[in-house]
Amino acid sequence: MDRWRGRVALVTGASLGIGAAITKELVRCGMKVVGCARDVEKIQNLAAECQSAGHSGVLVPFKCDLNNEEEILSMFAAIKDQHKGVDVCINNAGLAHPESLLHGQTSGWKNMLDVNVLALCICSREAYQSMKERNVDDGHIINLNSMSGHRVVHSTDVHFYSSTKFAVTALTEGLRQELREANTHIRATCISPGVVETEFASRLYSQNADKAAASYTKFKALEAIDVANSVIYVLSAPPHVQIGDIQMRPVEQVL
């Protein structure tokens, strides 16, 4: 990770769970991390925690609603103005609503598309443009995907969510191909975890606390730090190595 020391990473959804774990690890490794979320206070607390721990990098909290393209573009403009640009873009933000295909609410579907797919594409595009205009040829775009982007489980609650993650699988490979056609050495990777014990289930099942709690009782789930470690592994790969997708799941998870 030495070559990334002092360089700029953007992490979306940095306030909780996997995003917070990734952010802390990058700061520990000496990067300047712009962590964005709607709840910027949690990122401010995380920045104070990183400083108290003596990490060599720095965390810059930034309030941004990824449902709003104007806010995303304003964020990239601010990063350009204050930090020159983005060298690593980690599209971590994602969400799910228990909206089935037969009875789901359109508003829930749209929210999942806006955050899981469109915001990811906008951030990737803007990160690439930032790298290109500064002649950064070794940048990296990492998309937090899911095992739900590779198979469909028998649960109506996550069928639409799964479709957004299948999109991430296709978009990451498409991005890799376009980066090759552009004759750059910028890399694109997606990381696809199975069950990770975070706030994800409690948000998905916000109306059913028992169902949320049961999500992590069947077997030992992955932890956020496990996913963060995979991000460090990807970034640590030699510049000539392209890691397309890391699929990871708990040992006891069947699907």
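Modeller: Happy to; we can start with the sheet, go on to the helices and finish with a few single residues. Keep in mind that this is a predicted model.

Biologist: Thanks. How many strands does the sheet have, and in what order?

Modeller: The sheet is open and has seven strands, in the order E3-E2-E1-E4-E5-E6-E7, with parallel pairing. The twist averages 15° from one strand to the next.

Biologist: Which strands are at the edges?

Modeller: E3 and E7 are the edge strands, and each of them pairs on one side only. E7 covers residues 245–248.

Biologist: How many bridges join E6 to E7?

Modeller: Four bridges, and the two strands run parallel. One of the residues to look at is Cys 190, whose bridge partner in E7 is Asp 245.

Biologist: What holds paired strands together in general?

Modeller: Backbone hydrogen bonds do, in either a parallel or an antiparallel arrangement.

Biologist: Now the helices. Which strands does H1 lie across?

Modeller: H1 lies across E1, E2, E3, E4 and E5, and runs at about 170° to E1. For H5, residues 159–181, the strands are E5 and E6, and its angle to E6 is about 160°.

Biologist: What about H2, how long is that one?

Modeller: H2 has 13 residues, 40–52, and reaches 19 Å from its first C-alpha to its last, close to the 18 Å expected. Its buried residues include Val 40, Ile 43, Leu 46, Ala 47 and Cys 50. They cover an arc of only 110° around the axis, which puts them on the same side of H2.

Biologist: Why would residues spaced like that point the same way?

Modeller: An α-helix has 3.6 residues a turn, so residues three or four places apart point the same way.

Biologist: And what covers that buried side of H2?

Modeller: The cover over the buried residues of H2 includes helix H1 along with strands E2 and E3. On the other side of H2, Glu 41 and Ser 52 are exposed. Just after the helix comes Gly 54, with a positive phi of about 80°.

Biologist: Which residues of H3 are buried?

Modeller: Ile 72, Met 75, Phe 76, Ala 78, Ile 79 and His 83 are buried in H3. Seen down the axis, these buried residues fall within an arc of 160°, so they line one face of the helix. They pack against E1, E2, E3 and helix H4. The face turned away from the buried side carries the exposed residues Glu 70 and Asp 81.

Biologist: What caps the N-terminal end of H3?

Modeller: Asn 68 does, with a side-chain oxygen 2.9 Å from the backbone nitrogen of Glu 70. The helix is followed by Lys 84.

Biologist: What is the phi of Lys 84?

Modeller: Positive, about 80°, although Lys 84 is not a glycine. This lysine is found in the loop between H3 and E4. Its relative accessibility is 67%, so Lys 84 counts as exposed, the cut-off being over 50%.

Biologist: Where is Asn 183, and what is its phi?

Modeller: Asn 183 is in the loop between H5 and E6. Its phi is positive too, about 60°, and Asn 183 is not a glycine either. With a relative accessible area of 66%, Asn 183 is exposed.

Biologist: Changing topic: is Ser 148 buried or exposed?

Modeller: Ser 148 is buried, with a relative accessible area of 11%. It lies in the loop between E5 and H5. A polar contact of 3.5 Å joins its side chain to that of Arg 151. Leaving aside residues up to four places away in sequence, Ser 148 touches Tyr 161, Ser 162, Lys 165 and Phe 166.

Biologist: One more: what does the side chain of Asn 91 make a polar contact with?

Modeller: With the side chain of Ser 124, at 3.0 Å. Asn 91 lies in strand E4 and is buried, with a relative accessible area of 3%. Beyond four places away in sequence, the residues that Asn 91 touches include Thr 12, Leu 120, Cys 123, Ile 141 and Asn 143.

Definitions and conventions:
Residues numbered from 1 in each chain as written. Predicted model: local features only at pLDDT ≥ 70, side-chain atom pairs only at ≥ 80, totals over all residues. Heavy atoms only, no water. Expected span 1.5 Å × (residues − 1). Buried < 20%, exposed > 50% of the residue type's maximum accessible area, 1.4 Å probe, protein only. Arc of directions from axis to C-beta. Contact = heavy atoms within 4.5 Å. Polar contact = N/O pair within 3.5 Å; in protein donor to acceptor, adjacent residues only side chain to side chain. Pairing = 2+ DSSP bridges. Axes fitted to C-alpha atoms, helices over the stretch in contact; angles between N-to-C directions.
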